[in-house]
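Please consult the sequence and the structure shown below while reading.

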Amino acid sequence: MEKYIKRLEENTSALLKTVKGYSVDKLTVKQGEEWSVLEILEHIYITDKVICGIVLKPSDKESITKELFGQNKLENILVHQREIKIKSPNILQPKGNFKNLSEFNSAFTHLRESLKEDIKAEKLIVDNRIHNHPFLGEMTITDWLNFILFHTERHLKQIEEK
């Protein structure tokens, strides 16, 4: 899990570095129905928080393998096929809870640190439990953890294009 933690740290750092120094206008400007950068950041935070709750839950279903999707397939779906848009469920839509970048940075950094600590302390057990994703179907804990990384990367590319 050390490799995953390192990737999580790099992923977190890449996102925070990208938006560091963004003006209020750049963070809040919207084009049509598209989310603003601050709304994208809130969506990433909400998604991470929901996933952290999911992976800590028990499950009656288990896989015979650590991954059902695997890194390559998840990366392909989430990062390389960004032209395929899926409307986020209401629970994952931004609510306007972050008024500025500082509020996001604080909450996001704390959440990611908590995830790392849960993994290190083995509070989060990375086993073969399966939980359903609303669009992708059955995913193991490892798949969910990889989803966090690639979901952030997907939206990081979206932010960079703005």
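In this predicted model, helix H3 and helix H5 (residues 101–120) pack at an angle of about 25°, with their axes 10 Å apart. Angles under 35 degrees count as roughly parallel, and H3 and H5 are therefore roughly parallel to each other. The crossing of these two helices, H3 and H5, is left-handed.

**Contact of H3 with H5**

- On the H3 side, the residues in contact are Leu38, Leu41, Glu42, Ile44, Tyr45, Asp48, Lys49 and Cys52.
- Their counterparts in H5 are Leu101, Phe104, Ala107, Phe108, Leu111, Arg112 and Leu115.
- By residue class, the contact of H3 with H5 comprises eleven nonpolar, no polar and four charged residues.

**Contact of H3 with H6**

- H3 also packs against H6, at an angle of about 180° and with the axes 10 Å apart.
- Because of that angle, H3 is roughly antiparallel to H6.
- H3 contributes Val37, Ile40, Leu41, His43, Ile44, Thr47, Asp48, Ile51, Ile54 and Val55 to the contact.
- H6 contributes Ile141, Trp144, Phe147, Ile148, His151, Thr152, His155, Gln158 and Ile159.
- The residues of the contact of H3 with H6 divide into twelve nonpolar, six polar and one charged.

**Contact of H1 with H6**

- The axes of helix H1 (residues 2–19) and helix H6 (residues 141–160) come within 10 Å and cross at roughly 20°.
- H1 and H6 are therefore roughly parallel to each other, and their crossing is left-handed.
- From H1, the contact involves Tyr4, Arg7, Leu8, Asn11, Ala14, Leu15, Thr18 and Val19.
- From H6, the contact involves Leu145, Asn146, Ile148, Leu149, Phe150, Thr152, Glu153, Leu156, Ile159 and Glu160.
- Eleven nonpolar, four polar and three charged residues make up the contact of H1 with H6.

**The largest pocket**

- The volume of the largest pocket is about 940 Å³.
- This pocket is lined by 34 residues, of which His43, Ile86, Ser88, Arg154 and His155 are the closest to its centre.
- Helix H3 (37–55), helix H4 (71–80), strand E1 (130–133) and H6 each supply at least two residues of the lining.
- H6 gives the most to this lining, with six residues.
- The lining of the largest pocket divides into 16 nonpolar, eleven polar and seven charged residues.

Notes
Residues are numbered from 1 along each chain as its sequence is written. This is a predicted model: local features need pLDDT of at least 70, side-chain atom pairs count only at pLDDT 80 or more; totals for chains, interfaces and linings use all residues. Side-chain values use heavy atoms; hydrogens and water are left out. Axes are lines fitted to C-alpha atoms, for helices over the stretch in contact, and angles run from 0 to 180 degrees between N-to-C directions. Helices (H or I, at least four residues) and strands (E, at least two) are DSSP runs, numbered from the N terminus. Angles under 35 degrees count as roughly parallel, over 145 as roughly antiparallel, 65 to 115 as roughly perpendicular and the rest as oblique. A crossing is left-handed if the near helix is turned anticlockwise from the far one by less than a right angle, and right-handed if clockwise. Contact means heavy atoms within 4.5 Å. Ala, Val, Leu, Ile, Met, Phe, Trp, Tyr, Cys and Pro count as nonpolar, Asp, Glu, Lys and Arg as charged, and the others, Gly among them, as polar. On a 1 Å grid over the protein atoms alone, a cavity is a set of points where a 1.4 Å probe fits but cannot get out, and a pocket is an open set with protein on both sides within 12 Å along at least five of seven lines; lining residues have an atom within 4 Å of a point. Grid points are joined across faces, edges and corners, and a volume is the space filled by probe spheres set on the points.
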